[in-house]
Amino acid sequence: MVSFASDYIAGAHPRILERLMETNMEPLSGYGSDKYCESASEKIKKACNCPDADVYFIAGGTQTNQIVISTMLENFQGVVSAVTGHVSAHEAGAIEYTGHKVLTVPGYEGKMKAEDLMKLIKTFYGDENHEHMVFPGMTYISYPTEYGTIYSKKELEDIYAVCREYDIPLFIDGARLGYALASSQCDITLSELAALCDVFYIGGTKVGALCGEAVVFTHGNAPKHFINQIKQHGALLAKGRLLGIQFDTLFTDDLYMNISKHAIDMAEKLIDIFKNKGYEFFLDSPTNQQFIILDNDKMEELGKKVTFGFWEAYSESKTVVRFATSWSTSEEDLKYLESII
């Protein structure tokens, strides 16, 4: 069955598998201290124009969010997120599990507004009892958001300005970062994004890798003994080479962006297919995630022939579903989809 259920339904890009096989018998040191992790780190720093950055590789997105947030916050602080942000809605309380509260602001098609962030912080410090409350100690956003939308450069600048005014770090979840950067609506480069935050990560799991995320502390500002803290969370791979080789490959010959551009090209064709057939979209997403409103009986019928993801109920008789494209989406997949709808 053809699947549009997510962007990590396939294993890994063939070039990554080839490199893993080519290097398979090399004896390498562990825990990310091997030459491929070092090479990948240097390539990422160059791509981000952050020569003083600290780069670390972690196996998955939830682990990355939990470790970055919990190690950068003081024990009396929480992280501010849009109510629809991944750390608030879809990580099983992973942040709260570390003892840090997720403080939410409204989400607008997945995005937070700088004025809402400012209002939350001002309201906190304006309360005479704020010493008895959870301090806002960090801001978290997703780029692209959980709804496939992207922040403009001006929106990022405004959010980061609030963070700097109150001396709290901005953390950007880049699980699908490539798909935002490859979008025709994106008005920011990777290096510009790196300059507008204190830490972000480049997602590999959803952009062609078997697994893995590359965390970038943009100006050498990683928490003290960060490797030790990754291990405390049970997330330090002994065979760190598995992540280093993958990111070294992704950042060779622009593979990461080529993968991302392919997914966006497929998404644009998918949009045309649904529009030409008269389907209704839940919102305008410029990235690889597309949200379609289906009658429930149509959803059940279509689900017998192609897989997609449930998103949310729209009404008693309609549901919002998600179709996602990726590096593995083919023209044949789209032709099949067009034939059955």
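How do the residues of the lining of the largest pocket divide into nonpolar, polar and charged? This report on a predicted model starts there.

## The largest pocket

The lining residues divide into eight nonpolar, 12 polar and seven charged. The largest pocket itself has a volume of about 460 Å³. It is lined by 27 residues. Closest to its centre are Tyr-8, His-86, Ala-175, Arg-176 and Lys-206.

Two elements give two or more residues to this lining: helix 3 (61-72) and strand 12 (309-313). Helix 3 provides the largest share, with four residues.

## The second largest pocket

The second largest pocket has a volume of about 230 Å³. Its lining has 17 residues. Those closest to the centre are Tyr-31, Gly-32, Cys-37, Val-55 and Phe-57.

Which elements each supply at least two residues of the lining of the second largest pocket? They are helix 2 (35-48), strand 2 (54-58) and helix 10 (226-232). By residue class, this lining divides into 11 nonpolar, four polar and two charged.

Most residues other than glycine have a negative phi, and most peptide bonds are trans. With that in mind, look at the backbone.

The peptide bond from Tyr-143 to Pro-144 is cis. Its omega is near 0°. Where is Pro-144 found? Pro-144 sits in the loop between strand 5 (135-142) and helix 7 (153-165).

## Two aspartates with positive phi

Asp-167 is not a glycine, yet its phi is positive, at about 55°. Asp-167 belongs to the loop between helix 7 and strand 6 (170-173). Is Asp-167 buried or exposed? Its relative accessible area is 69%, and exposed means over 50%, so Asp-167 is exposed.

Asp-253 also has a positive phi of about 55°, and Asp-253 is not a glycine either. The loop between helix 11 (241-250) and helix 12 (255-276) holds Asp-253. Why does Asp-253 count as exposed? Asp-253 counts as exposed because its relative accessibility is 62%, and the cut-off for exposed is over 50%.

## In brief

The largest pocket, at about 460 Å³, has 12 polar residues in its lining. The second largest pocket, at about 230 Å³, has 11 nonpolar residues in its lining. On the backbone, the bond from Tyr-143 to Pro-144 is cis. Asp-167 has a positive phi, and Asp-253 has a positive phi.

Key:
Residues numbered from 1 in each chain as written. Predicted model: local features only at pLDDT ≥ 70, side-chain atom pairs only at ≥ 80, totals over all residues. Heavy atoms only, no water. Buried < 20%, exposed > 50% of the residue type's maximum accessible area, 1.4 Å probe, protein only. 1 Å grid on protein atoms, 1.4 Å probe; cavity = no way out; pocket = protein on both sides within 12 Å on 5 of 7 lines; lining within 4 Å. Points joined across faces, edges and corners; volume = space filled by probe spheres on them. Nonpolar A, V, L, I, M, F, W, Y, C, P; charged D, E, K, R; others polar.
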